[in-house]
Amino acid sequence: MALFEYFPNYIWNLSVAIAMESGGQIGEIVDMCQPIRDAAANGADAGTPQFMKAWAAMGEKLLELAGEDEAKGRSFSASNKLERASLYLFTAERMQGHGAPGREATYAKAREAFDRSTALGQLNRERVEIPLESGTMPALFTRAPGEGKKPVVVFCNGLDSCKELLYWTRLPSELARRGISTLCVDQPGSGEALRLQSLPVDPHSESWASKAVDWLERQSEVDPERIGMTGISLGGHFAPRAVAYEPRFASGAVWGANHNWREVQDKRMAREGENPVPHYWAHVHWAFGAKDQDDFLDKSAAMNLNGHMDRIEVPFLVTHGANDRQISVAYADDLYDQLVNSPRREKVIFTAREGGVEHVGADNMAYGRDLISDWFAETLGGATA
């Protein structure tokens with residue numbers, strides 16, 4: 001199994017792969033990528049304005065087509081087109097550097113299309129806001145069907161994702177199928193929390209994860225004794241930290257281990273491993289609210305899980321892709337080996353036999369999605385059949 005590599009650089013290919021895994025149509029993706037193929041040859045950072053122009057243009061076309069469907073009373077078809085318009089606009093925005101012309105407007109249009117798609121499609125997701133010490137944590141709540149109190153999983157972002165992309169992994173739909181609700185969060189340093197509220201990354205993830213648990217405990221349909229936590233990419237650092245320091249979590253999992261993220265920065269400065277987004281250093285400075293590189297390194301100094309994982313006393317699943325080009329698979333070993341007090345720990349490294357070998361399964365998310373869904377069903381009391 002391999003990443004679909006249309007462009008001559010990893011970062012652009014990663015964005016395309018994420019879009020494909022998130023519900024993009026291959027014909028539309030090819031139409032967007034063909035005109036900008038040469039622009040990618042100049043490196044991951046150069047040419048990103050052309051990328052946004054091409055992808056935003058497809059988004060605009062789909063918005064127009066959705067409007068035509070809606071005028072005819074075809075709300076479900078309109079919702080489908082709005083969903084892809086939103087995806088392409090989010091992808092276009094994600095590729096831009098902080099402060100790039102058109103970035104804020106593109107993000108706003110993507111969010112508007114997503115919310116409109118939710119309403120017209122009668123989709124199982126509700127936008128909610130969770131109070132924090134400062135500001136709020138926007139989130140999407142997907143409810144498990146049926147009566148009674150249900151288990152729920154808090155699902156957090158990586159460095160450069162957003163709650164909408166978390167929803168599009170289809171983990172929430174698979175968890176709902178198993179009788180488990182999902183709360184996809186834009187935690188500080190990501191999504192709306194960063195873009196609209198300027199809330200920077202909080203390395204002590206239990207501070208915002210605990211607020212999510214507080215909110216869930218107030219929901220009548222949630223079983224407060226069966227709340228799990230997972231995260232993708234950099235969320236593979238935040239989730240274990242949160243489970244270690246928030247005793248109300250009953251189970252945990254990571255979609256990609258990110259055990260020592262501070263060490264990853266040293267490797268990236270030495271040009272070891274691939275970056276997840278163009279304009280990488282400008283992005284992390286923005287996400288962390290850092291004024292320069294030294295300030296960023298200071299703010300991320302504590303992002304090392306060594307010495308913390310023995311606090312986890314609940315079931316915990318570690319997953320990682322064997323050919324992850326961003327984060328070393330060795331971090332999955334570190335995390336698993338240090339879960340010495342977990343009553344049930346499991347480590348799964350995805351190989352070419354099944355796929356999902358790239359960073360967080362960008363080549364094929366199906367196996368990670370199924371495994372994590374089944375894990376929470378088994379550890380929180382859901383159904384696997």
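## Annotated domain

UniProt positions are given here in the numbering of this chain, with feature names shortened, and such annotations may be inferred rather than shown by experiment. With that in mind, the unreviewed UniProt entry marks residues 211-381 as "domain: Peptidase S9 prolyl oligopeptidase catalytic". That span is 39% helix and 16% strand, and its end C-alpha atoms sit 23 Å apart. Helices (H or I, at least four residues) and strands (E, at least two) are DSSP runs, numbered from the N terminus.

A quick note on the model: it is predicted, so local features need pLDDT of at least 70 and side-chain atom pairs count only at pLDDT 80 or more, while totals for chains, interfaces and linings use all residues. Residues are numbered from 1 along each chain as its sequence is written, and side-chain values use heavy atoms, with hydrogens and water left out.

## Nonpolar cores

In soluble globular proteins, nonpolar side chains tend to be buried together. A nonpolar core here is a set of buried Ala, Val, Leu, Ile, Met, Phe, Trp, Tyr and Cys residues joined through side-chain atoms within 4.5 Å. Buried means under 20% relative accessible area, exposed over 50%, and partly exposed in between (1.4 Å probe, protein chains only).

The largest core has 60 residues, and those with the most contacts inside it are F7, W12, I29, W55, Y88, W255 and F376. A second, separate core holds 57 residues, including L132, A209, Y280 and F296.

## Aromatics around W12

Rings of Phe, Tyr and Trp (its six-membered ring) pair if their centres lie within 6.5 Å; planes under 30 degrees apart count as stacked, over 60 as edge-to-face and the rest as tilted. By this rule there are 17 aromatic pairs. One of them is W12 with F51, edge-to-face at 5.2 Å centre to centre and 80° between the planes. W12 is in helix α1 (residues 10-21) and F51 in helix α3 (residues 48-71), so this pair ties together parts 39 residues apart in sequence.

F51 also stacks with W55, at 5.0 Å centre to centre with 10° between the planes. Those two lie four residues apart in helix α3, about one turn of the helix, and both are buried. F4, Y6, F7, W12, F51, W55 and Y88 make up one aromatic cluster. R37 lies over the face of Y6, 4.2 Å from the ring centre; the rule wants NZ of Lys or CZ of Arg within 6 Å of the centre and within 35 degrees of the ring normal.

N157 lies in the loop between β3 (150-156) and α6, and is buried with a relative accessible area of 0%.

A polar contact of 2.9 Å links its side chain to that of K163.

## V243 and helix α10

V243 belongs to helix α10 (residues 235-245) and is buried, with a relative accessible area of 5%. Beyond four places in sequence, its contacts (heavy atoms within 4.5 Å) are M229, F249, S251, G252, I312, V314 and F316.

Technical notes
A polar contact is a pair of N or O atoms within 3.5 Å; within protein, one must be able to donate a hydrogen and the other to accept it, and residues adjacent in sequence count only if both atoms are side-chain atoms.
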